[in-house]
Amino acid sequence: MCGIAAALQLGSNQPPPRAWAIPHMRHRGPDGEGCLAGGIDSPSLEHCRLAIIDPDNREADQPFSDSTGRWTIVYNGELFNYRELRKGLIARGVRFRTNSDTEVVLQALALDGRRALETFRGMFAFVLWDAERRELFAARDQIGVKPLYFTTARNTFVAASELRTLIAHPSVSPELDPASVVEYLAFGAVSGPRTLLSGVFKLEPGHVLTVKDGTVRTEEYWDVLPTERPASAGRNEVLEELRRRLDSAVAGSLVSDVPVSLMLSGGLDSSAIAALAARHVAPADLTAYSVSFGLATDESTIAARLAADLGIRHREILLTEETLTEGFDEW
């Protein structure tokens with residue numbers, strides 16, 4: 001869970017402020033931080049790193065630039081298939097200086113442009129600066145696991161992983177959007193690209209964003225609807241295909257250079273993920289975390305029993321009114 005931020009002046013003679021975002025997103029990445037100071041016609045890019053892949057390599061810190069200096073990226077997420085993509089890029093003549101998935105994302109985009117997104121399997125949000133084309137390019141993963149918010153205020157484009165970071169930029173003066181507040185109170189969420197703040201938007205899942213010549217554009221690059229109608233299959237074939245896809249998805253998400261943990265509620269979804277994970281990683285190397293409310297009716301007992309059956313280490317966190325209140329002070 002890294003933190004990313006970007007700011008680009010649109011028709012202004014003032015360069016963007018330096019390191020305006022880092023103090024507000026250190027909680028997202030305690031393992032490293034970096035800032036590329038922007039100019040009048042180039043962005044400031046900031047990053048706080050939570051190191052999962054190639055964690056001990058400081059060259060993998062961000063903002064990350066290619067050897068030519070043309071491309072620079074700030075990236076939050078993980079490509080589960082980055083090792084396969086890396087092999088393909090090496091076969092095409094790309095030389096790597098890190099083992100990070102960040103460099104794979106950058107090199108794939110440098111070679112293939114937005115078509116590279118079709119090959120990305122994982123969760124991600126990134127902002128990429130092309131110094132030659134003077135273009136800022138951002139994208140969010142197909143399902144929208146990783147967040148990215150953006151706005152244009154006082155001739156400045158600003159983007160960040162969290163609203164709290166975005167509104168820390170000196171050009172942004174946040175105001176509540178009354179219609180969005182009503183929608184949130186009615187449905188518990190705000191639909192589409194809107195947020196609770198007027199003029200502040202979410203980059204929607206499966207969408208890209210470009211900023212060029214002072215113009216901000218968003219466009220869909222992926223849709224959940226299949227392009228072709230699947231062939232008819234019997235119940236057993238469908239169940240087997242579902243098992244195969246779930247197993248593949250869980251195996252991919254276990255790719256890591258640091259220990260892996262699970263959130264285990266005791267419900268069907270997390271229990272299935274835990275059982276599949278235990279097939280690909282030695283159970284003793286997995287730790288499952290569960291939240292208990294101290295009630296006889298919660299699922300913590302089920303979670304503990306499942307972890308014991310799978311041989312997974314289990315930690316239970318008791319959430320009470322007191323511990324919940326204490327947490328508010330940190331946020």
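Contact here means heavy atoms within 4.5 Å. Keep that cut-off in hand for the opening stop. The model on screen is predicted.

**Stop 1: the main core**

Select L117. Leaving out residues up to four places away in sequence, L117 touches F124, F126, F137, A139, Q142, V208 and Y221. Now widen the selection to the largest nonpolar core, which has 27 residues. L117, F120 and F126 have the most contacts inside this core. Which elements each supply at least two of its residues? Colour strand 5 (71-79), helix 1 (82-91), helix 2 (101-112), strand 6 (122-130) and strand 7 (135-140). Helix 2 gives the largest share, 5 residues.

**Stop 2**

Go to T72, in strand 5. Is T72 buried or exposed? T72 counts as buried, at 4% relative accessibility. Show its side chain together with that of S65: a polar contact of 2.7 Å joins the two. Then display the rest of its surroundings. Beyond neighbours within four places in sequence, T72 is in contact with L36, L45, P63, F64, S65, L106, V127, L128 and W129.

Stay with P63 from that list. P63 is found in the loop between strand 3 (44-49) and strand 4. Check the peptide bond between Q62 and P63: the bond is cis, with omega about 0°.

**Stop 2: salt bridges**

Side chains of opposite charge can pair when their charged atoms come close. The whole structure holds 20 salt bridges. Visit a few of them.

Select R70 and D130. Their side chains meet in a salt bridge, 2.8 Å from N to O. R70 sits in the loop between strand 4 (64-65) and strand 5, and D130 sits in strand 6, so the pair ties together parts 60 residues apart in sequence. R70 is partly exposed, with a relative accessible area of 23%. D130 counts as buried, at 3% relative accessibility.

Next, select R83 and D257. The closest N and O atoms of this salt bridge are 4.0 Å apart. R83 is in helix 1, while D257 is in the loop between helix 5 (235-253) and strand 13 (260-263). The pair links distant parts of the chain, 174 residues apart. R83 counts as partly exposed at 44% relative accessibility. D257 also counts as partly exposed, at 39%.

Now take E183 and R194. Their salt bridge is 2.2 Å from N to O. E183 lies in helix 4 (residues 178-187) and R194 in the loop between helix 4 and strand 10 (200-202), so this pair joins parts 11 residues apart in sequence. E183 counts as buried, at 16% relative accessibility. R194 counts as partly exposed, at 26%.

Finish this stop with R28, E162 and R164. Salt bridges that share partners join these residues into one network.

**Stop 3**

Select N155, in the loop between strand 8 (149-153) and strand 9 (156-160). N155 counts as partly exposed, at 47% relative accessibility.

Move to D213, in the loop between strand 11 (207-212) and strand 12 (215-220). Phi of D213 is near 55°, again positive in a residue other than glycine. D213 is exposed, with a relative accessible area of 71%.

**Stop 4: the nonpolar patch**

Select Y289, V291, F293, L295, I317, L319, L324 and F328. Together they make a nonpolar surface patch of about 750 Å². Strand 14 (286-292) and helix 8 (321-328) are the elements that give two or more residues to the patch. Centre on I317, in strand 15 (residues 313-318). I317 counts as partly exposed, at 41% relative accessibility.

**Stop 5: across to I22**

Draw a distance from the C-alpha of I317 to the C-alpha of I22. The two atoms are separated by 30 Å, and the residues are 295 apart along the chain. I22 lies in the loop between strand 1 (3-9) and strand 2 (32-36). I22 is buried, with a relative accessible area of 6%. Setting aside neighbours within four places in sequence, I22 is in contact with E33, G34, C35, E46, H47 and C48.

Definitions and conventions
Residues are numbered from 1 along each chain as its sequence is written. This is a predicted model: local features need pLDDT of at least 70, side-chain atom pairs count only at pLDDT 80 or more; totals for chains, interfaces and linings use all residues. Side-chain values use heavy atoms; hydrogens and water are left out. Patches are made of residues with over 30% relative accessible area and no salt bridge: like charges are joined within 9 Å, nonpolar side chains (Val, Leu, Ile, Met, Phe, Trp, Tyr) within 5 Å. Accessible areas come from the Shrake-Rupley method with a 1.4 Å probe; for residues, only the protein chains shown count as cover. Helices (H or I, at least four residues) and strands (E, at least two) are DSSP runs, numbered from the N terminus. Buried means under 20% relative accessible area, exposed over 50%, partly exposed in between (1.4 Å probe, protein chains only). A nonpolar core is a set of buried Ala, Val, Leu, Ile, Met, Phe, Trp, Tyr and Cys residues joined through side-chain atoms within 4.5 Å. A polar contact is a pair of N or O atoms within 3.5 Å; within protein, one must be able to donate a hydrogen and the other to accept it, and residues adjacent in sequence count only if both atoms are side-chain atoms.
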